[in-house]
Amino acid sequence: MFNERMALKLRLEQLENTEIRLLKELREERERLFTKLRELDEKDRLETNNYEEIIQIKSMDLPQSKGEKKEISHMDSPPLKIRKARPSRRSKTSKMCEVAIQILKEETEPIRGTDLQKKIEEKSGLKIANMTTFMKVVEKVDINIQKPNRGLYLYVNNGQKAPVPN
């Protein structure tokens, strides 16, 4: 017998599946955008380097007499972009997320949050301020990470439900 309660539960499951799919699509699109930005940054950097080389070569070719000074107008050449080296786009959190996922993949049994926190901090060398908040981020990054019980985390393949320990 199909009643309103079952219909609501079914709809909640559908919403959860849709939410997971949308998060995955957004994450993939974000990665594509970052990849394209990196390509454009690299292209700009190469064009700037090529332009600087051309200017140096042309300035060496032009002979100048002792008393003659060459004036360079800003209108003659496009402005040079000077790019500073910037740190990696990957944040500390994303690096720690990868470490957490790796540790959870290695574990066969559910692992306590405090034990997991110690292992992550040892491997990454970074401190986790709030483990629960951090693990919520990790769960969003990898849908195979589940929380079978309070304070326990587990990596489950193929999106299967995690067994609830006694």
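Trainee: What share of the contacts in the protein with a separation of 6 or more comes from residues 24 or more positions apart?

Mentor: In this predicted model, residues 24 or more positions apart supply 48% of those contacts.

Trainee: Which elements make up the protein, and in what sequence do they run from the N terminus on?

Mentor: The order is α-α-β-α-α-β-β, that is, four helices and three strands. Of the 166 residues, 17% count as buried. The accessible surface is about 14000 Å², and carbon and sulfur atoms hold 54% of that area.

Trainee: Why does Asn144 count as buried?

Mentor: The value for Asn144 is 16% relative accessibility, and the cut-off is under 20%, so Asn144 qualifies as well. Asn144 is in the loop between α4 (131-141) and β2 (145-149).

Trainee: What makes the pair formed by the side chains of Asn144 and Tyr155 a polar contact?

Mentor: The two side chains come to 3.1 Å, and a polar contact requires a pair of N or O atoms within 3.5 Å, one able to donate a hydrogen and the other to accept it. The pair is therefore listed as a polar contact.

Trainee: How do you know that the span of α2 is close to the expected one?

Mentor: The expected span is 1.5 Å times one less than the number of residues. For the 15 residues of α2 this gives 21 Å, and the helix reaches 21 Å from its first C-alpha to its last.

Trainee: Which residues of α2 are buried, and what do the buried residues of α2 pack against?

Mentor: They are Met96, Cys97, Val99, Ala100, Ile101, Ile103 and Leu104. Their packing partners are β1 (111-112), α3, α4, β2 and β3.

Trainee: Which residues of the largest nonpolar core touch the most other members?

Mentor: Among its 18 residues, these are Leu104, Leu116, Ile120, Phe134, Met135 and Val138. At least two core residues come from each of α2 (92-106), α3 (113-124), α4 and β3 (152-155). The largest share, seven residues, belongs to α2. Leu116 is in contact with Ile103, Leu104, Ile111, Met131, Met135 and Tyr153, leaving aside neighbours within four places in sequence. In soluble globular proteins, nonpolar side chains tend to be buried together.

Trainee: What makes β1 and β3 a pair of strands?

Mentor: Pairing requires at least two bridges, and two bridges join β1 to β3, so these antiparallel strands pair. Ile111 has Tyr153 in β3 as its bridge partner.

Trainee: In what order do the three strands stand, and why is one side of β1 and of β2 left without a neighbour in the sheet?

Mentor: The open sheet has the order β1-β3-β2, with antiparallel pairing. As β1 and β2 stand at the edges, each has a single partner strand, so one side of each lacks a neighbour in the sheet.

How values were computed: Residues are numbered from 1 along each chain as its sequence is written. This is a predicted model: local features need pLDDT of at least 70, side-chain atom pairs count only at pLDDT 80 or more; totals for chains, interfaces and linings use all residues. Side-chain values use heavy atoms; hydrogens and water are left out. Buried means under 20% relative accessible area, exposed over 50%, partly exposed in between (1.4 Å probe, protein chains only). Contact means heavy atoms within 4.5 Å. Accessible areas come from the Shrake-Rupley method with a 1.4 Å probe; for residues, only the protein chains shown count as cover. A nonpolar core is a set of buried Ala, Val, Leu, Ile, Met, Phe, Trp, Tyr and Cys residues joined through side-chain atoms within 4.5 Å.
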